[in-house]
Amino acid sequence: MRLFSILAMATLMIHVLIPDSAAQTTVPAGKIFYSNEIWSPANSPYILSGSIRISASATLIIQPGVTVNCHGFDDADGGIYVDGRLEAQSCTFVGTISYFSQLISFRTGSSGFVDDCQLSFTTTIKKDGVRIESSNATVSNCILFNLNNALFVASGTPTIAGNSISALSRGLVNSTTSLVMAEQNWWSSPSGPFHATLNPSGTGCVVFGNVDFVPWLLSDPHVPYVCGDANGDAAVDISDAVYLIAYIFSGGPAPNPLAAGDANCDAAVDISDAVYLIGYIFSGGPAPCNSCK
Ligand SMILES: [Ca+2]
Ligand SMILES: [Ca+2]
């Protein structure tokens, strides 16, 4: 009993003497940044009580490691409205109340990027990830999941590439007639996104409208693999060529991820990859994926 008391006292003292290292910053609903602002990991997570705005004259830099929690309930539109510039690198955006229409909205004339970030909702009702309107913003190398529409383009010429995209409704909506470029994304299926006319056999998430999504990524870019290591044993050797030949001709198992078998980096896994591997192993040919690095 005495031991328990000492332990309890010690635990209490630890909590008193060592403050919670996870500091947090509450950003009030309706906040407008008129000058440049930096959000740092030391002050993360940033809790948004409602929508906020980055004015046309301002840049918000969100540093790597920061979490932005869209938690407001007094604003039916919500998210981070960007009229100026947003630079978000290697951070996390999470919606914890579904009143937000989207996590980030790049608006007319805005610029910036969201790179290597994670965007999702934890709520039962999911809303959108990033909305883009008359902006050249870039969304790259991100993981977008548990969202209604992961990406919604109302207008503009965004750059969308290298992302891992899944969505309840649609992975990408282009509501205009102008072409939106979205090549080299993972749409949650090696067969690519479903598009009613451009890729009706795709089993990935839905892409809607005038979008160039070809070529798409054959595997999730956030799952590491060795290019050419078709059988997943961390070495590239003749067994990988044999594995590929069995997959292509004999119904053998597919490389996992499929892109590991794409030795010549042409976004398809076929006999040319086995030939390429044999050339590399026996004839001094180029290394797998050497040409696309
Ligand atoms: Ca191997
Ligand atoms: Ca190939």
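This is a predicted model: local features need pLDDT of at least 70, side-chain atom pairs count only at pLDDT 80 or more; totals for chains, interfaces and linings use all residues.
A: One term before we start: the expected span of a helix is 1.5 Å times one less than its number of residues.

Q: Which residues in α2 are buried?
A: D240, A241, Y243, L244 and Y247 are buried in α2.

Q: How wide an arc do the buried residues of α2 fall within?
A: Look down the helix axis. The buried residues of α2 fall within an arc of 160°, so they line one face of the helix.

Q: And what does the face of α2 turned away from its buried side carry?
A: That face has exposed residues: I238, F249 and S250.

Q: What do the buried residues of α2 pack against?
A: They pack against α3.

Q: Then tell me about α3. Which residues does it cover, and how far does it reach?
A: α3 runs over residues 271-283, which is 13 residues. From first C-alpha to last it reaches 17 Å, close to the expected 18 Å.

Q: Which of its residues are buried in α3?
A: In α3 the buried ones are D273, A274, Y276, L277 and Y280. They cover an arc of only 160° around the axis, which puts them on the same side of α3. The buried residues of α3 pack against α2 (238-250).

Q: What is exposed on the other side of α3?
A: I271, F282 and S283 are exposed there.

Q: Which residues other than glycine have a positive phi?
A: S188 is one of them, with phi near 75°. C265 is another, with phi near 60°.

Q: Why remark on that?
A: Because most residues other than glycine have a negative phi.

Q: Where do S188 and C265 lie?
A: S188 is in the loop between β21 (180-181) and β22 (207-208). C265 is in the loop between α2 and α3.

Q: Buried or exposed, or something in between, for S188 and C265?
A: S188 is partly exposed, with 19 other C-beta atoms within 10 Å. C265 counts as partly exposed too, with 18 C-beta neighbours inside 10 Å.

Q: Switching topic. Which residues does a cis peptide bond join?
A: One cis bond joins V214 and P215, with omega about 0°. Another goes from N256 to P257, with omega near 0°. Most peptide bonds are trans.

Q: Where do P215 and P257 lie?
A: P215 is in the loop between β23 (211-212) and α2. P257 is in the loop between α2 and α3.

Q: Where is the pLDDT below 50?
A: Over residues 6-21. Beyond near neighbours in sequence, that stretch has 0 contacts in the model.

Q: Now the big picture. How many helices and strands are there?
A: The protein has 3 helices and 23 strands. Buried residues make up 42% of its 293 residues.

Q: Which residues touch the most other members of the largest nonpolar core?
A: The core has 67 residues, and V68, I104, V114, L119, V130, L151 and L172 touch the most other members. Domain 1 (19-212) and domain 2 (238-292) both give residues to this core, so it lies between them.

Q: What is L151 in contact with?
A: Leaving out neighbours within four places in sequence, L151 contacts G129, V130, V139, I160, G171 and L172.

Q: Last one: V27. Which strand is V27 found in, and is V27 buried or exposed?
A: V27 is in strand β1 (residues 25-27). With 20 C-beta neighbours inside 10 Å, V27 counts as buried.

Q: What does V27 touch?
A: Not counting residues up to four places away in sequence, V27 touches Y46, I47, L48, S49 and I52. V27 and Y46 are 19 residues apart along the chain, and their C-alpha atoms are separated by 6.7 Å.

Methods
Residues are numbered from 1 along each chain as its sequence is written. Chains are lettered from A and ligands numbered from 1 in the order in which they are written. A nonpolar core is a set of buried Ala, Val, Leu, Ile, Met, Phe, Trp, Tyr and Cys residues joined through C-beta atoms within 7 Å. A residue is buried if 20 or more other C-beta atoms lie within 10 Å of its own, exposed if 12 or fewer, and partly exposed in between; C-beta atoms are placed from the backbone. Domain bounds come from an automatic or database domain assignment. Two residues are in contact if their C-beta atoms, placed from the backbone, lie within 7 Å. pLDDT is the predictor's confidence in each residue, from 0 to 100. Helices (H or I, at least four residues) and strands (E, at least two) are DSSP runs, numbered from the N terminus. The arc is that of the directions from the helix axis to the C-beta atoms.
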